[in-house]
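Here's a quick briefing to read alongside the structure.

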Amino acid sequence: MKPKIDLPDFSRVNLLVLGDIMLDEYIWGTVDRISPEAPVPVVKASDITYRLGGAGNVSANLACLGCVVSIMGMVGKDTSGKKIGQLLNEKSISNQSVVIDALATTQKTRVMGVGQQLVRIDRENPEKIEDRDYERLWSIFKENVLTANAVVLSDYGKGALRSPFVKKCIEYCQTNTLPVFVDPKADNWERYRGATCVTPNERELAKTCQALDRRSASLRINGKMIRESFGFDSLLVTRGAKGMILFQEGNDAISIPARAKEVFDVSGAGDTVIAVLAASFCAGYSMPQAMELANTAAEVAVGKIGTHPVALSELHNALRKSTEGPQHKICSIQQGASMIKDWRSQGEVVVFTNGCFDLLHTGHIHLLQAAAKEGDRLVVGLNTDNSIRELKGPSRPVLAENDRAAILAALECVDMVVLFSEKTPIVLIQTFRPDVIVKGQDYLKEEIVGGAMVEKWGGKVVLFPLEKGKSTSSLINSISNALKPSNIEP
């Protein structure tokens, strides 16, 4: 089943997220030695960043899709709780959480070095939550829930979703015909009885089956049994590299393979799945269609380092990739600007180069490969056919712009190709604001279009040495000479 390429209008979807809100702290650094005090790496910290975690990440994913989002949970009256409020406000998420003086806001601190997570430090004390805190949360829940299209319960086992409270919330939603989506962490799933859809991973499902003493060797038997036992409309089991499988009443299980080719970090992938699943379902997708879209979003999420919500433009680009192959890299200037905004939000360095790239040769390839090494993403500005004729005369280009763009997009080192019709790429440079411009050494630094502009905003210009005898003109001449009658054997 192919996903729809046209995404639904998520702006019409209003969702309430209820659960364990956490602050994700990342300490970024480099490692170049082992501590003399113990056999552990010494991390030289260079930066600290903060992101919404747990239910906060679910809400962030929904906000990035364009949904109207409210969030409820429990946070402490501390620095971490205030930081969560700030991050929610930045994403225009309505924060309806209960602030508890005695509670320490749940926080996960990850120390990052050598391109990976080295250690995680957790701070939490859910035992400080009292009955009166649940009463406050219940009162706020009833005030807000009936304006939502659905409720997402994000259970990380940190205290916000204790059994009696969860049961009461689900029963209230059932009475008011509101869908409830649950990302479960509790061992006893009785609290989730009657939910619209529950999204465990394979290990969580097996653990629940074992608790019921009804575990089978077959995932399909286990999934069907659990869905029926707890009265779920749907059960979506995420299986990591094996993909997903959906169980629904009266239908055979539907299994789909994982889309991700490279997995950098699975942190927060489950949050992305349930967010996209719930939003798509509320926007009118069937559950199988919503699963397909959630699977595509998971591909984007695991390709990032750390907890990151998936933006609508990233989701659309991933859908284009699944249907168009490498040609999804060919973007309009508006699409390109949106993607670059997403890349920048992840701290990625954007490199820009441009040219005609008519009859691609090894000189071009080496230039593009060198340019890609200057940052994280390589954007290629490509002259249209008309602009090449103005520059080089009526006999050029040899290859049409669509063919040239497709060839560039097929290169692994290229992340984006954008056509421009002007003689220079100045409009692209002004719009994209690259961090690095790379050109061949046949130009002087002061002749590089946009070079001074890029350096003014803190970027740099890199000149790459050209390879002698490697040019499109020389290639055309060689072909022409080879085709002359005197050079063709009778």
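## Quick briefing

Of the 490 residues in the chain, 51% are buried. Keep in mind that this is a predicted model. The chain carries 16 helices and 21 strands, and its C-alpha atoms fill a box of roughly 90 × 55 × 45 Å along the principal axes.

**Overall numbers**

- Take the contacts between residues at least 6 apart in sequence: 69% of them join residues at least 24 apart.
- The accessible surface of the chain is about 23000 Å², and carbon and sulfur atoms account for 50% of that.
- On the charge side, there are 57 positive and 57 negative side chains, with the centres of the two sets 1 Å apart.

**Aromatic pairs**

- The count of aromatic pairs comes to 10.
- One of them is Phe141 with Tyr172: the ring centres are 6.4 Å apart and the planes sit at 65°, so this pair is edge-to-face.
- Phe141 belongs to helix 3 (residues 131–144) and Tyr172 to helix 4 (residues 163–175), so the pair ties together parts that are 31 residues apart in sequence.
- Phe141 is buried because its relative accessibility is 0%, under the 20% cut-off. Tyr172, with a relative accessible area of 23%, is partly exposed.
- Phe181 and Phe281 also pair up, with centres 5.7 Å apart and planes at 65°, so they too are edge-to-face.
- That pair links distant parts of the chain, as Phe181 is in strand 11 (residues 180–183) and Phe281 is in helix 7 (residues 269–282), 100 residues apart.
- Phe181 has a relative accessible area of 0% and is buried, whereas Phe281 comes in at 29% relative accessibility and counts as partly exposed.
- There's a cluster as well: ring pairs link Trp189, Tyr192, Phe230 and Phe232.

**Charges over rings**

- Arg51 lies over the face of Tyr26, 4.6 Å from the ring centre.
- Lys185 has its charged end over the ring of Tyr156, at 4.8 Å from the centre.

**An exposed isoleucine**

- Ile34 lies in strand 2 (residues 21–34).
- Its relative accessibility is 54%, over the 50% cut-off, so Ile34 counts as exposed.

- Some background first: most residues other than glycine have a negative phi, and most peptide bonds are trans.
- Arg396 and Pro397 are joined by a cis peptide bond, with omega at about 5°. Pro397 is found in the loop between helix 12 (385–392) and helix 13 (401–409).
- Thr177 isn't a glycine, yet its phi is positive, near 50°. Thr177 lies in the loop between helix 4 and strand 11, and at 69% relative accessibility Thr177 counts as exposed.
- Leu359 is another residue that is not a glycine but has a positive phi, here about 55°. Leu359 is placed in the loop between strand 17 (350–355) and helix 11 (362–372).
- Is Leu359 buried or exposed? Leu359 is buried, because its relative accessible area of 17% falls under the 20% cut-off.

Key. Residues are numbered from 1 along each chain as its sequence is written. This is a predicted model: local features need pLDDT of at least 70, side-chain atom pairs count only at pLDDT 80 or more; totals for chains, interfaces and linings use all residues. Side-chain values use heavy atoms; hydrogens and water are left out. Helices (H or I, at least four residues) and strands (E, at least two) are DSSP runs, numbered from the N terminus. Buried means under 20% relative accessible area, exposed over 50%, partly exposed in between (1.4 Å probe, protein chains only). Contact means heavy atoms within 4.5 Å. Accessible areas come from the Shrake-Rupley method with a 1.4 Å probe; for residues, only the protein chains shown count as cover. Lys and Arg count as positive and Asp and Glu as negative; His and the chain ends are not counted. The place of a charge is taken as NZ of Lys, CZ of Arg, CG of Asp or CD of Glu. Rings of Phe, Tyr and Trp (its six-membered ring) pair if their centres lie within 6.5 Å; planes under 30 degrees apart count as stacked, over 60 as edge-to-face and the rest as tilted. A charge sits over a ring if NZ of Lys or CZ of Arg is within 6 Å of the ring centre and within 35 degrees of the ring normal.
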